[in-house]
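Thanks for making time this morning.

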Amino acid sequence: MATTRVRIDELAPVGIAFVIGPDGRVLTARVEQSAGHRLWDEATIVALSRCRFRPARLGAKPVQDVIKMRHVWTLD
């Protein structure tokens with residue numbers, strides 16, 4: 001199977017939406033704007049789904065909520 005090389009500077013920012021549970025963990029995630037390559041989109045979801053987030057609150061109680069963000073891949 002042939003692989004297609006994609007240069008990181010050719011990628012668009014990935015727009016992603018997460019459902020964050022009351023414990024700050026990612027429950028679900030979906031790509032809303034592609035980077036232009038499926039593998040980079042999937043890598044974004046995998047990497048950011050490992051993060052813990054500060055949950056939304058209703059009064060003092062943590063609640064489930066949706067957050068949206070854009071991720072830009074760079075080389076350091």
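This is a predicted model: local features need pLDDT of at least 70, side-chain atom pairs count only at pLDDT 80 or more; totals for chains, interfaces and linings use all residues.

Let me begin in strand 2, where the bridge partner of phenylalanine 18 is alanine 29. Residues are numbered from 1 along each chain as its sequence is written, and side-chain values use heavy atoms, with hydrogens and water left out.

Strand 1 and strand 2 pair in the antiparallel sense over six bridges, where pairing requires that DSSP finds at least two bridges between the strands, and where strands (E, at least two residues) and helices (H or I, at least four) are DSSP runs numbered from the N terminus. These two strands form a hairpin with five residues between them, and glycine 24 in the turn has a positive phi of about 90°.

Now to the core. Ile16, Phe18, Ile20, Val26 and Leu48 make up the largest nonpolar core, a core being a set of buried Ala, Val, Leu, Ile, Met, Phe, Trp, Tyr and Cys residues joined through side-chain atoms within 4.5 Å. Strand 1, residues 14-20, gives the most to this core, with three residues.

Is phenylalanine 18 buried or exposed? Phenylalanine 18 counts as buried because its relative accessible area is 0%, given that buried means under 20%, exposed over 50% and partly exposed in between, with a 1.4 Å probe and protein chains only.

The structure also holds two aromatic pairs, meaning rings of Phe, Tyr and Trp (its six-membered ring) whose centres lie within 6.5 Å, with planes under 30 degrees apart called stacked, over 60 edge-to-face and the rest tilted. Phenylalanine 18 and phenylalanine 53 form a tilted pair, 5.6 Å centre to centre with 40° between the planes, and phenylalanine 53 sits in the loop between helix 1 and strand 3, 35 residues from phenylalanine 18. Tryptophan 40 and tryptophan 73 form an edge-to-face pair, at 5.1 Å and 65°.

Finally, serine 34 lies in the loop between strand 2 and helix 1, and is partly exposed, with a relative accessible area of 37%. Its side chain makes a polar contact with the side chain of aspartate 41 at 2.6 Å, a polar contact being a pair of N or O atoms within 3.5 Å, of which, within protein, one must be able to donate a hydrogen and the other to accept it, and residues adjacent in sequence count only if both atoms are side-chain atoms.
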